[in-house]
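Open the model in your viewer and keep the sequence panel beside it. We will go from one selection to the next.

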Amino acid sequence: MSDEDLAGRLARNLRTLRETRGATQVQLAKLAGVPRATWAHMESGAANPTLSVLHRVAGALQVSLEELLARPKASARHYRRDSLPTRQRGAAFLRKLLPDPLPGMEFDRLELPPQARITGVPHTPGTREYLACESGTLALVASGERFVLEVGDVVVFRGDQKHSYENPGTRTAVGYSVVLLTPSL
């Protein structure tokens with residue numbers, strides 16, 4: 001790797017880190033204890049800072065030296081539909097929408113054919129569940145009470161009670177279930 005590549009990476013990373021924090025060059029230069037001109041020079045890609053300066057800059061940005069000099073990482077990752085776990089429960093299809101586990105949260109896409117019904121699994125006490133209707137009509141029955149959701153409707157309910165989902169309509173219904181779990185003790 002050439003010195004130009006390294007200086008360019010440092011410049012790009014400094015700008016990105018500074019802008020992400022909503023800070024000015026003046027603010028971060030002061031925090032790092034370096035002249036603003038030094039900071040500007042580093043962001044231009046023309047500087048060859050000492051290890052001591054890099055250490056102070058990393059401290060001001062609260063990152064490691066490695067992060068200051070690292071190759072840029074992709075800011076997004078594309079997950080194809082078929083790469084996300086899907087399971088079938090009765091006639092319904094449930095697909096996970098969070099490819100990485102998020103502690104305490106489940107987020108599923110629910111697809112129910114006409115006249116289909118599935119029983120939900122009660123979660124730990126204190127859990128809250130959100131059901132949103134994207135297309136068609138969904139009905140939620142929670143502890144004997146029935147809620148009919150049309151496109152755009154949302155119902156919030158305790159996820160620790162008996163509940164079921166059904167499609168009373170004549171076309172496939174799609175909804176989204178978000179479950180905020182209460183940690184079990």
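This is a predicted model: local features need pLDDT of at least 70, side-chain atom pairs count only at pLDDT 80 or more; totals for chains, interfaces and linings use all residues.

**Stop 1: helix H2**

Select residues 25-32, which make up H2. Color Gln-25, Leu-28, Ala-29 and Ala-32, and you have buried residues of this helix. They lie on the same side of H2, because they cover an arc of only 105° around the axis. Now turn to the face pointing away from that buried side: Val-26, Lys-30 and Leu-31 are exposed there.

**Stop 2: where H2 meets H4**

Show side chains at the contact: H2 brings Leu-28, Leu-31 and Ala-32, while H4 brings Arg-56, Val-57, Ala-60 and Leu-61. By class, that makes six nonpolar residues, one charged and no polar.

**Stop 3: the sheet**

Now switch to the strands. Six of them form an open sheet, in the order S1-S2-S3-S10-S5-S8, with antiparallel pairing. Select S1 (86-89) and S8 (154-158) to find the edges; each has a single partner strand, so one side of each is left without a neighbour in the sheet. On average, neighbouring strands are turned by 25° against each other, direction ignored.

To finish, zoom in on S5 (residues 128-135) and S10 (residues 173-180), an antiparallel pair joined over seven bridges. Look for Tyr-130, which stands opposite Val-178 in S10.

Notes
Residues are numbered from 1 along each chain as its sequence is written. Side-chain values use heavy atoms; hydrogens and water are left out. Buried means under 20% relative accessible area, exposed over 50%, partly exposed in between (1.4 Å probe, protein chains only). Helices (H or I, at least four residues) and strands (E, at least two) are DSSP runs, numbered from the N terminus. The arc is that of the directions from the helix axis to the C-beta atoms. Two strands pair if DSSP finds at least two bridges between them. Axes are lines fitted to C-alpha atoms, for helices over the stretch in contact, and angles run from 0 to 180 degrees between N-to-C directions. Contact means heavy atoms within 4.5 Å. Ala, Val, Leu, Ile, Met, Phe, Trp, Tyr, Cys and Pro count as nonpolar, Asp, Glu, Lys and Arg as charged, and the others, Gly among them, as polar.
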